[in-house]
Amino acid sequence: MKIIIAEHYDELCKLSAVIIKEQIQAKKDAVLGLPTGSTPVGLYKQLISYYQAGEIDFSKVTTFNLDEYAGLSPSHPQSYNHFMHEQLFRHINMQSSHIHIPQGNNPQLEAECKVYEELIRQAGGIDVQILGIGANGHIGFNEPGSDFEDRTRVVKLSESTIQANARFFGGDPVLVPRLAVSMGIKTIMEFSKHIVLLASGEEKADAIQKMAEGPVTADVPASILQQHNHVTIIADQKAAQKLREASYS
Ligand code: PGA
């Protein structure tokens, strides 16, 4: 696990955007795994500027999002589908048929999960998987206690995640869906060739310390990344402040 400490959020965004740019320059039909949340917003802005400057062509790129709320239609303003189009896709030249986000309002959600898993397999896996991390150590919506063998499935959001995400629902936790579809930990571990986890802010400092330096445990789902052979953690100084070992750049 390589840990890079960025001075601030902007640097974190630039460093992660360069990884994606180089991946697409090396392989035009790269497959990317993408997260939602506050953390990747600056990364997406940077990717849009690379596109506008002619440095990245997204026309052959395929994407798979990590998760989506259950019960929300793709056009719902709080859906992750809507978020991704607003923050990234509508600004770049992605082909819409190459964009994959679980359909949270599919009445056959279990079948949706199986098909999603199969689509990633058929795409040949994910070249670069970008992850955020929850203050509780979750990756995607794989909350503490998730089984490391889980694949894409319907999950129940933890109370802390509902509270954390209420800010996207006008601050009202009652409006946050209780269920979601998420790639599982096994999906992420097995299909991702390179995992890049981004963390910004002191509320992530405990999770980053436990993930990188603590035991591998289902209580901290991100700790499983210690067992993946190509992981880059990019944390800003606030998120990295509780790391104990000094060997990080
Ligand atoms: P955030 O969410 O980027 O909004 O902090 C990250 C996550 O919960 O995975």
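Predicted model: local features only at pLDDT ≥ 70, side-chain atom pairs only at ≥ 80, totals over all residues.
Reader: At what angle do helix 1 and helix 2 pack?

Author: The angle is about 55 degrees, and the axes are 8 Å apart. Helix 1 is therefore oblique to helix 2.

Reader: Is the crossing left-handed or right-handed?

Author: Helix 1 and helix 2 cross in a right-handed way.

Reader: Other topic. How many residues are in the largest nonpolar core?

Author: That core has 32 residues, and Leu47, Leu88 and Phe89 have the most contacts inside it.

Reader: Which elements give two or more residues to this core?

Author: Three helices do: helix 1 (9–26), helix 2 (41–52) and helix 3 (80–87). The strands are strand 1 (2–6), strand 2 (31–34), strand 6 (126–131) and strand 9 (192–199).

Reader: And the largest share, where does that come from?

Author: From helix 2, which gives 6 residues to this core.

Reader: What does Phe89 touch?

Author: Leaving out residues up to four places away in sequence, Phe89 touches Leu34, Thr63, Asn65, Met84, Met94, Ile99 and Ile101.

Reader: What about another core, how many residues there?

Author: Another core, lying apart from the largest one, has 31 residues, including Ile3, Val31, Val231 and Ala235.

Note on methods:
Residues numbered from 1 in each chain as written. Heavy atoms only, no water. Core = buried A, V, L, I, M, F, W, Y, C linked by side-chain atoms within 4.5 Å. Buried < 20%, exposed > 50% of the residue type's maximum accessible area, 1.4 Å probe, protein only. Helix = DSSP H or I, 4+ residues; strand = E, 2+ residues; numbered from the N terminus. Contact = heavy atoms within 4.5 Å. Axes fitted to C-alpha atoms, helices over the stretch in contact; angles between N-to-C directions. Parallel < 35°, antiparallel > 145°, perpendicular 65-115°, else oblique. Left-handed = near helix turned anticlockwise from the far one by under 90°.
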